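Here is a brief report on selected local features of one protein chain. Please have the sequence and the 3D view open while reading.

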Amino acid sequence: MFSWANRDGRRKEPELFSTVSDGLRRLYRTKLLPLEEAHRFHDFHSPALEDADFDNKPMVLLVGQYSTGKTTFIRHLMEQDFPGMRIGPEPTTDSFIAVMHGEQEGLVPGNALVVDPKKPFRKLNAFGNAFLNRFVCAQMPNPVLESISIIDTPGILSGEKQRISRGYDFAAVLEWFAERVDRIILLFDAHKLDISDEFSEVIRALKNHEDKMRVVLNKSDQIGTQQLMRVYGALMWSLGKIVNTPEVIRVYIGSFWAQPLLVPDNRKLFEAEEQDLFRDIQSLPRNAALRKLNDLIKRARLAKVHAYIISALKKEMPNMFGKENKKKELIANLGEIYTKIEKEQQISPGDFPKLSKMQEILAGQDFTKFQTIKPKLLEAVEDMLANDIARLMTLVRQEEAAAPSQAVQGGAFEGTMNGPFGHGYGEGAGEGIDELEWIVARDKPTYDEIFYTLSPVNGKVSGAMAKKEMVKSKLPNTVLGKIWKLADVDKDGFLDDEEFALANHLIKVKLEGHELPAELPDHLVPPSKRAQ
């Protein structure tokens with residue numbers, strides 16, 4: 001499927017990839033990694049990717065201040081305690097806990113975890129013992145963990161507590177995880193909306209990963225509707241000041257634990273929000289290959305820009321004297337170099353690394369060891385982005401089509417899948433699903449009175465006559481057209497008294513704020529038409 005140029009200019013035979021993961025791995029090793037190594041990309045941005053980074057299951061990262069319900073949220077999803085779990089109102093989770101699937105239940109300490117080639121955590125070794133002593137993997141057999149892994153994080157501190165050093169760069173660790181996970185969930189407590197300095201720093205560290213971020217306003221059942229509206233508005237205002245994007249991050253409102261609702265006023269809202277969040281998490285396995293492809297593209301674009309920056313700095317350095325002074329001058333004027341590269345190479349400003357961070361790292365680098373750009377390395381990355389990625393997209397679609405049912409199963413995801421406690425069960429078009437009597441029959445006498453005022457011929461009214469009555473609902477023609485198709489069960493272009501009653505029932509369903517079904521459910525089919 002993919003081909004590379006030989007050194008003599010002739011092209012190799014097309015190389016077939018068995019899976020998307022295999023294709024991404026080989027593209028990275030043969031085309032992107034050489035450019036990264038040539039220009040010290042790993043010293044500035046992110047460690048080199050390993051096999052486990054391409055093969056691992058989708059990961060969900062939970063971030064939030066202490067006592068916002070992160071650990072409880074994980075327990076709610078899995079409906080099972082996990083090793084190392086501690087829950088309480090005080091800052092209880094003092095470690096990063098990777099909750100993953102395993103045949104035997106147990107804990108794997110951080111130092112053992114970073115030498116396991118099958119786990120995607122080997123590069124965390126760079127954060128040192130202070131971090132590794134606070135990093136464990138909780139392994140257990142659980143159906144939810146067969147599809148995803150979940151990363152629990154220490155509660156972000158506020159006030160005086162955050163002045164005490166953790167011994168490692170907390171924001172940098174979260175940034176490392178953010179690059180590799182599929183979903184980042186920020187949890188807020190409806191009673192504690194203050195965003196501490198450390199939390200602000202963490203959210204800013206997650207910049208460039210806004211597409212992965214979701215926000216959960218937890219413990220919302222503990223306040224009334226009016227207070228909840230104010231809390232939601234305050235949260236959106238606070239996030240707007242920190243995230244610095246015009247788009248609004250998706251916020252899910254609810255109470256994510258298996259306890260009775262304290263204030264049940266908003267039960268339907270919480271159910272709908274939980275279902276939306278569950279659907280989002282369940283889609284992760286299906287979209288995992290696409291996410292890895294997207295992350296590799298982002299990494300390749302950053303690597304290209306980084307190569308241009310390093311090359312520009314190398315060209316400006318003197319051969320003999322004044323190297324240290326020139327280095328300081330170049331670091332101070334790095335913004336001008338950015339602007340120059342942006343214009344010369346037609347690169348978007350959003351592709352450049354953060355200026356202050358780049359200046360800080362450059363201060364500790366030896367500029368004499370930098371290399372100028374090698375055209376062949378750059379061409380390989382350009383070819384990957386222009387041709388190979390497009391072909392790999394085809395394989396992504398093929399894999400999705402071959403496994404259309406990929407979704408997270410088990411735990412809380414099973415609780416509302418089927419049966420009377422599924423979201424919306426017995427409501428709207430689903431009303432009467434368990435009843436022996438045709439639900440429309442309850443209001444049929446009222447509908448019959450209207451039906452006979454329309455002068456039916458041979459027991460049926462024409463579309464024109466039915467339209468005169470149906471438009472009184474003030475629903476758009478597109479909606480009324482769908483209702484007509486659903487109600488005209490025998491497809492003869494007319495409505496008899498049962499079909500007319502059904503049309504009015506569906507209008508009532510829509511006016512009450514429910515969605516119309518794509519196809520008419522069996523329990524809504526008129527009794528006289530059920531044999532057909």
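The buried residues of helix 19 pack against strand 9, helix 18 (463–470), strand 10 (494–496) and helix 20 (497–511). The model is predicted.

Which residues of helix 19 are buried? Helix 19 spans residues 477–487, and its buried residues are Val479, Leu480, Ile483, Trp484, Leu486 and Ala487. They cover an arc of only 165° around the axis, so they sit on the same side of helix 19. An α-helix has 3.6 residues a turn, so residues three or four places apart point the same way. The face turned away from the buried side of helix 19 carries exposed residues: Asn477, Thr478 and Lys485.

Now to the backbone. Most residues other than glycine have a negative phi. Arg40 has a positive phi, near 55°, and is not a glycine. Ser455, also not a glycine, has a positive phi of about 55°.

Where do these residues lie? Arg40 is found in the loop between helix 1 (20–38) and helix 2 (41–44). Ser455 lies in the loop between helix 17 (444–453) and strand 9 (460–462). Strand 9 is also among the elements that the buried residues of helix 19 pack against.

| Residue | Relative accessible area | Class |
|---|---|---|
| Arg40 | 26% | partly exposed |
| Ser455 | 55% | exposed |

Ser455 counts as exposed because its relative accessibility is 55%, and exposed means over 50%.

Technical notes: Residues are numbered from 1 along each chain as its sequence is written. This is a predicted model: local features need pLDDT of at least 70, side-chain atom pairs count only at pLDDT 80 or more; totals for chains, interfaces and linings use all residues. Side-chain values use heavy atoms; hydrogens and water are left out. Helices (H or I, at least four residues) and strands (E, at least two) are DSSP runs, numbered from the N terminus. Buried means under 20% relative accessible area, exposed over 50%, partly exposed in between (1.4 Å probe, protein chains only). The arc is that of the directions from the helix axis to the C-beta atoms. Contact means heavy atoms within 4.5 Å.
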